[in-house]
Amino acid sequence: MCNHLGYTSVYICNFIKQQTGETFKKLVFEERLKKSTIFLLNTNYPVYEISELVGFNNLTSFYKQFQKRYHCTPNEFRSNIDASSIKSN
């Protein structure tokens with residue numbers, strides 16, 4: 001992205017932080033978790049495959065971060081929560 005835009009990664013990261021109040025890394029992380037909920041609600045993909053599709057390299061890390069964010073495991077989310085009742089911090 002930085003090469004395409006012609007800016008350094010430091011500049012881009014500082015700009016994103018300044019505009020959003022969040023780091024680039026945090027925004028990407030949050031987007032990965034959001035995308036995982038879409039896969040959980042709309043597909044029958046196994047959790048390990050969803051974690052890979054959204055960019056997690058470690059299934060255990062995915063489970064821990066998902067549970068921290070949504071207060072349930074991905075399987076519980078898929079089984080018990082519909083799209084209108086998603087609660088996040």
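The following legends describe close-up views of a predicted model.

**View 1. Packing of helix H3 against helix H5.** Helix H3 spans residues 24-42 and helix H5 spans residues 59-70. Their axes lie 11 Å apart and meet at an angle of about 90°. Because angles of 65 to 115 degrees count as roughly perpendicular, H3 and H5 are described as roughly perpendicular to each other. On the H3 side, the contact is formed by Phe29, Glu30, Leu33, Lys34, Ser36, Thr37 and Leu40. On the H5 side, their partners are Phe62, Gln65, Phe66, Arg69 and Tyr70. Sorted by class, the contact of H3 with H5 contains six nonpolar, three polar and three charged residues.

**View 2. The largest nonpolar core.** This core has 12 residues. Its members are Leu33, Phe39, Leu40, Val47, Ile50, Val54, Phe56, Phe62, Phe66, Tyr70, Cys72 and Phe77. At least two residues of the core come from each of H3, helix H4 (47-53) and H5. In soluble globular proteins, nonpolar side chains tend to be buried together.

View 3. Serine 36 belongs to helix H3. With a relative accessibility of 0%, serine 36 is classed as buried, because the buried class covers values under 20%. When neighbours within four places in sequence are left aside, the contacts of serine 36 are Ile50, Val54, Phe62 and Phe66.

**View 4. Cysteines without a disulfide.** A disulfide is a covalent bond between the sulfur atoms of two cysteines. A search of the whole structure returns zero disulfides. For cysteine 13, the closest cysteine sulfur is that of cysteine 2, at 6.5 Å. This separation is too far for a bond, since a disulfide requires the two sulfur atoms to be within 2.5 Å. Cysteine 13 is partly exposed, its relative accessible area being 34%.

View 5. Histidine 71 is placed in the loop that lies between H5 and helix H6 (74-80). Although histidine 71 is not a glycine, its phi is positive, at about 60°. The relative accessible area of histidine 71 is 56%, and the residue is therefore classed as exposed.

How values were computed: Residues are numbered from 1 along each chain as its sequence is written. This is a predicted model: local features need pLDDT of at least 70, side-chain atom pairs count only at pLDDT 80 or more; totals for chains, interfaces and linings use all residues. Side-chain values use heavy atoms; hydrogens and water are left out. Axes are lines fitted to C-alpha atoms, for helices over the stretch in contact, and angles run from 0 to 180 degrees between N-to-C directions. Helices (H or I, at least four residues) and strands (E, at least two) are DSSP runs, numbered from the N terminus. Angles under 35 degrees count as roughly parallel, over 145 as roughly antiparallel, 65 to 115 as roughly perpendicular and the rest as oblique. Contact means heavy atoms within 4.5 Å. Ala, Val, Leu, Ile, Met, Phe, Trp, Tyr, Cys and Pro count as nonpolar, Asp, Glu, Lys and Arg as charged, and the others, Gly among them, as polar. Buried means under 20% relative accessible area, exposed over 50%, partly exposed in between (1.4 Å probe, protein chains only). A nonpolar core is a set of buried Ala, Val, Leu, Ile, Met, Phe, Trp, Tyr and Cys residues joined through side-chain atoms within 4.5 Å.
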